[in-house]
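Today I opened a new page in my notebook.

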Amino acid sequence: MSCSHLSTAWSSSALASSASSTRRRSSAPRSGGSGLVVRCSLRELRSRIDSVRNTQKITEAMKLVAAAKVRRAQEAVVSSRPFSEALVEVLYNMNQEIQTEDIDLPLTRTRPVKKVALVVLTGERGLCGSFNNNVLKKADTRIDELKQLGLQYTVISVGKKGNAYFQRRPYIPLERELEVNGVPTVKDSQAICDLVYSLFVSEEVDKVELLYSKFVSLVRSDPIIQTLLPMSPKGEICDVNGVCVDATEDELFRLTTKEGKLTVEREKVKIETQPFSPVVQFEQDPVQILDALLPLYLNSQILRALQESLASELAARMSAMSSATDNAIELRKNLSIAYNRQRQAKITGEILEIVAGADALAG
């Protein structure tokens with residue numbers, strides 16, 4: 001096999017590893033065991049080994065950078081908890097106050113669904129395995145389901161990868177393209193919140209769904225669809241199948257080390273809600289207060305989804321770079337074996353030539 005073919009074999013293997021984020025071993029040529037012969041000069045082999053070594057350093061660095069960013073994403077989730085807990089507590093108690101009333105709030109108003117807005121959260125960069133591909137496949141599947149139901153739809157794309165994907169498909173109606181640079185902030189979630197709020201309240205759409213990748217572990221993330229609007233007055237989080245989770249139930253993830261390896265611990269947390277004091281009096285009608293709280297809660301749910309999506313992307317990048325690093329290590333090993341064997345054969349050949357020349361002179 002020539003050196004050019006060797007380069008192609010390595011490149012395709014590394015790209016396949018990054019695309020699938022699985023630990024596939026490189027299909028690099030082996031000398032002896034696989035029956036393939038590397039036909040390169042010693043100088044070319046040395047150059048190739050140095051190139052693979054540099055690639056390995058880059059992938060190792062990208063893995064460590066992604067790990068550090070996962071920690072920062074985790075800290076962002078933890079730091080936003082006090083506000084979320086206080087908001088859920090007030091929301092719960094407000095519902096206790098008005099549970100006997102027949103309330104009608106813009107964000108909780110249910111009407112026959114004719115048009116659906118689908119908010120799709122993707123990554124800003126590649127080299128993160130199948131993370132973006134899984135989300136976009138889920139979006140295509142949901143769009144096909146809406147078509148079969150005879151419903152109109154529009155897409156709100158968040159993330160450069162999703163924006164590029166939908167731009168190449170002009171037949172998919174695209175409402176807006178948004179980007180989130182770095183760690184998601186309240187400003188980023190507020191831009192999405194304002195857009196879906198205006199679309200729903202103006203009755204341009206009758207339902208808003210949020211599609212994002214839920215962080216499960218360092219090697220797994222699941223694309224899920226959550227119903228954003230209409231909201232439950234109690235702040236329950238519901239999926240498209242109507243399965244709801246109590247707003248007082250939350251889940252945290254922590255990036256830790258176990259036996260020298262990075263791992264994730266998930267913890268379910270129950271937010272304890274204390275009833276309002278009997279002496280508390282409302283200057284405004286509780287319904288008006290709830291009407292002001294629900295947009296804040298909607299914003300917090302979008303921010304949490306952005307944080308989960310970022311953690312999933314970074315974990316996928318860690319896994320992809322780990323696979324690429326393993327492939328580089330194996331390829332270096334194979335190239336070193338081929339280099340040493342060829343060097344040994346060259347030395348042996350030179351010795352034989354010297355011996356043959358000496359025999360000829362002696363004869």
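Predicted model: local features only at pLDDT ≥ 70, side-chain atom pairs only at ≥ 80, totals over all residues.

Residues are numbered from 1 along each chain as its sequence is written, and side-chain values use heavy atoms, with hydrogens and water left out.

**Entry: positive patch.** I looked up which residues form a positive surface patch, and found Arg43, Arg46, Arg343 and Lys346. A patch takes residues with over 30% relative accessible area and no salt bridge, joining like charges within 9 Å and nonpolar side chains (Val, Leu, Ile, Met, Phe, Trp, Tyr) within 5 Å. A salt bridge would be a side-chain nitrogen of Lys or Arg within 4 Å of a carboxyl oxygen of Asp or Glu. Helix H2 (42–79) and helix H7 (286–362) each supply at least two residues of this positive patch; helices are DSSP runs of H or I, at least four residues, numbered from the N terminus. I found Lys346 in helix H7, partly exposed at 47% relative accessible area. Buried means under 20%, exposed over 50%, and partly exposed in between (1.4 Å probe, protein chains only).

**Entry: nonpolar patch.** I saw that Ile347, Ile351 and Val355 make a nonpolar surface patch of about 240 Å². Ile351 sits in helix H7 and is partly exposed, with 47% relative accessibility.

**Entry: cysteines.** How many disulfides does the structure hold? I noted zero disulfides, a disulfide being a pair of cysteine sulfur atoms within 2.5 Å. Cys128 is buried at 2% relative accessible area, and Cys193 counts as buried at 2% too.

How values were computed. Areas by Shrake-Rupley, 256 points an atom, 1.4 Å probe, with all protein chains shown as cover. Lys, Arg positive; Asp, Glu negative; His and termini not counted. Charge placed at Lys NZ, Arg CZ, Asp CG, Glu CD.
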